[in-house]
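Here is a short tour of one protein model. Have a look at the sequence and the 3D view, and then we can walk through them together.

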Amino acid sequence: MNKFSRVAVATDDGKTISAHPARAKYFEIITISDGKITDRVRITKEIHDALNVEGEKSSLNGKNKHIIPAFPECTHMIARGIGSNAYHRLLRLDIHPILTDIHSIDEAINAFILGSIISHTNRIH
């Protein structure tokens, strides 16, 4: 794991990981430095509703326009599933998607810090 990571976690309640970032109400932004959580902020998805991956106004009308979090220094995004297009857009932005079967944000972040979280690519749809 890097000494510094900023992880966006798709969530509806700040406790559990959303099944899909496009349908999540929030992104929990967790900053990790030297293996410890140093900051945690919940961002309402409304901030991102009008943005596409380049941070410009989106002309998309579908669910995919809400997926990409536009957070500075974000290194990873955790969700329980994601569409193929959004998955590849994240990779192009050097944001590494982690698709987990873990439901708890705290449990997933602890696994991330320990380097034991597993990304299940079969959760790409």
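Let's begin with a definition: the rings of Phe, Tyr and Trp (for Trp, the six-membered ring) form a pair if their centres lie within 6.5 Å. In this predicted model, the number of such aromatic pairs is zero.

A ring can still have a charged neighbour, though. Arg 42 sits over the face of Tyr 26, and its distance from the ring centre is 5.7 Å.

Now step back to the overall layout. The protein has two helices and five strands. Starting at the N terminus, the order of the elements is β-β-β-β-α-β-α.

Here are some overall percentages for the protein:

| Property | Value |
|---|---|
| Buried residues, out of the 125 residues | 45% |
| Contacts between residues 24 or more positions apart, out of those with a separation of 6 or more | 48% |
| Carbon and sulfur atoms' part of the accessible surface | 48% |

Is Arg 6 buried or exposed? Arg 6 has a relative accessible area of 18%, and buried means under 20%, so Arg 6 counts as buried. What does the side chain of Arg 6 make a polar contact with? Its partner is the side chain of Thr 31, at 3.0 Å.

Technical notes
Residues numbered from 1 in each chain as written. Predicted model: local features only at pLDDT ≥ 70, side-chain atom pairs only at ≥ 80, totals over all residues. Heavy atoms only, no water. Helix = DSSP H or I, 4+ residues; strand = E, 2+ residues; numbered from the N terminus. Buried < 20%, exposed > 50% of the residue type's maximum accessible area, 1.4 Å probe, protein only. Contact = heavy atoms within 4.5 Å. Areas by Shrake-Rupley, 256 points an atom, 1.4 Å probe, with all protein chains shown as cover. Phe/Tyr/Trp six-rings, centres within 6.5 Å; stacked < 30°, edge-to-face > 60°. Lys NZ or Arg CZ within 6 Å of the ring centre and 35° of its normal. Polar contact = N/O pair within 3.5 Å; in protein donor to acceptor, adjacent residues only side chain to side chain.
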